[in-house]
2 protein chains.
Amino acid sequence: MEYNDSSINFEDFLGVFLSISKREEHPKNIQLLQAGRTCRKLYFIEKGILRFYYYNDAGKDITHWFRFENSFITELDSFLNKTESSYYIETLEETVVYSISLEGFYKLSSLFPETEKIWNLALVQFLLELGEKVKDLQFRDAPTRYSNLIEKHPDILQRVALGHIASYLGITQQSLSRIRKQK
Amino acid sequence: MEYNDSSINFEDFLGVFLSISKREEHPKNIQLLQAGRTCRKLYFIEKGILRFYYYNDAGKDITHWFRFENSFITELDSFLNKTESSYYIETLEETVVYSISLEGFYKLSSLFPETEKIWNLALVQFLLELGEKVKDLQFRDAPTRYSNLIEKHPDILQRVALGHIASYLGITQQSLSRIRKQK
DNA sequence: TCCATTTTTTACCATAGGGTAAAAATTATG
DNA sequence: CATAATTTTTACCCTATGGTAAAAAATGGA
């Protein structure tokens with residue numbers, strides 16, 4: 001993907017990122033961030049799945065999204081503006097991440113001037129993905145949303161509980177079960 | 001809002017942006033971008049409302065979002081990667097925008113080194129807003145989504161057709177009408 | 001000002017998905 | 001391995017929203 005006339009080397013960037021960041025191993029079902037706390041880290045996921053979730057007005061656990069290997073995850077607002085997070089981040093498998101603090105991110109930015117542009121790219125990626133999710137929720141029915149998800153992440157059924165998938169899709173677990181039966 | 005230890009002057013940035021960009025006046029109901037074309041411009045809206053929309057699988061016109069005064073709008077993927085847009089952008093009122101091309105954006109970036117960071121901020125803003133919309137669509141009912149929208153944009157009812165608002169909320173115009181009656 | 005066009009409302013029935021509850025299946029633990 | 005805990009499925013009924021169609025209201029143009 002080309003962002004700019006001056007081409008950007010993502011591999012180089014990732015190299016610098018990994019050298020500056022701290023490797024962390026976490027078991028399954030550990031919270032890396034809790035609501036009410038400030039998100040102090042930007043994570044790059046080497047192995048495992050992280051779940052980004054919150055409790056809605058009715059007190060239900062809602063999966064906002066999943067993040068898989070080779071992607072970044074953080075609570076953007078909390079991380080950048082040091083505000084209280086209203087989201088949780090938890091591991092769904094044994095997970096290996098590389099983390100940096102906001103200060104580390106600035107350091108990275110000064111060591112590697114392309115950081116801002118790479119970061120821009122990552123943000124745009126997030127945005128497009130989120131935009132697709134809006135499209136999904138806005139006018140596609142649940143069976144379609146479900147099969148879209150499976151198509152995009154064929155291994156998700158083996159790795160993530162159906163209850164989490166249901167809330168991600170915006171339906172109850174019972175509805176998801178019904179949808180699965182009809183195929 | 002603070003993004004970084006070195007503070008960023010948005011006003012200065014906007015000044016440079018406006019001096020580099022081209023002022024455009026457009027009447028009501030004009031398409032600034034059509035699906036199938038490449039989005040060549042990044043717009044800053046001085047006056048008016050723009051509607052970002054697409055036709056879904058069933059051929060229905062769906063409002064993806066509205067953009068008001070003092071905000072940026074573009075079809076990000078198309079603009080940055082010069083791909084075919086699958087969205088339309090149209091004016092809903094007489095509108096004044098300032099536009100720059102991608103090349104202009106690079107020029108801005110070199111003239112005003114903070115551009116990337118400002119742009120980052122804008123992207124993060126988009127992301128948070130879109131994240132809220134996902135939350136809305138995922139587990140809030142239509143009457144709640146409607147009143148949230150009115151609360152956020154009290155003047156939208158005077159400025160935008162209800163049909164556009166309905167599709168933005170992910171419901172039919174008939175449903176919106178029913179919801180409005182019950183208040 | 002009048003007519004045509006567009007937008008909004010109303011009404012009716014159909015259906016997808018929610019809520020509650022309990023059974024069945026799977027997974028974790030002593 | 002046996003039991004407990006968790007997850008998933010099934011079943012029931014209920015409600016919010018969609019689809020179609022037509023009437024009413026608002027808007028725009030000649």
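A polar contact here is a pair of N or O atoms within 3.5 Å, and the legends below apply that cut-off to a predicted model.

**View 1. Polar contacts between chain B and DNA strand C.** A polar side-chain atom of Ser177(B) lies 3.1 Å from a sugar or linking oxygen of DNA strand C.

**View 2. The protein surface near DNA strand C.** DNA strand C is surrounded by 19 residues, the closest being Ala142(A), Gln174(A), Ser175(A), Leu162(B) and Lys181(B); of the atoms of DNA strand C that come within 4 Å of the protein, 61% belong to sugar and phosphate. Helix 8 of chain B supplies the largest share of this surface, with five residues, and by class the surface comprises five nonpolar, eight polar and six charged residues.

**View 3. Strand 4 of chain A and its two pairing partners.** Strand 4 (residues 50-55) of chain A is mostly covered, with five of its six residues buried. Strand 4 pairs in the antiparallel sense with strand 5 (residues 61-67) of chain A over six bridges, and with strand 7 (residues 88-91) of chain A, likewise antiparallel, over four bridges, where Arg51(A) stands opposite Glu90(A).

**View 4. The hairpin of strands 4 and 5 of chain A.** Tyr55(A) has Asp61(A) of strand 5 as its bridge partner, and in this hairpin, which has five residues between the strands, Gly59(A) adopts a positive phi near 80 degrees.

Methods: Residues are numbered from 1 along each chain as its sequence is written. Chains are lettered from A and ligands numbered from 1 in the order in which they are written. This is a predicted model: local features need pLDDT of at least 70, side-chain atom pairs count only at pLDDT 80 or more; totals for chains, interfaces and linings use all residues. Side-chain values use heavy atoms; hydrogens and water are left out. A residue is near a molecule or strand if one of its heavy atoms lies within 4 Å of it. A polar contact is a pair of N or O atoms within 3.5 Å; within protein, one must be able to donate a hydrogen and the other to accept it, and residues adjacent in sequence count only if both atoms are side-chain atoms. Ala, Val, Leu, Ile, Met, Phe, Trp, Tyr, Cys and Pro count as nonpolar, Asp, Glu, Lys and Arg as charged, and the others, Gly among them, as polar. Buried means under 20% relative accessible area, exposed over 50%, partly exposed in between (1.4 Å probe, protein chains only). Two strands pair if DSSP finds at least two bridges between them.
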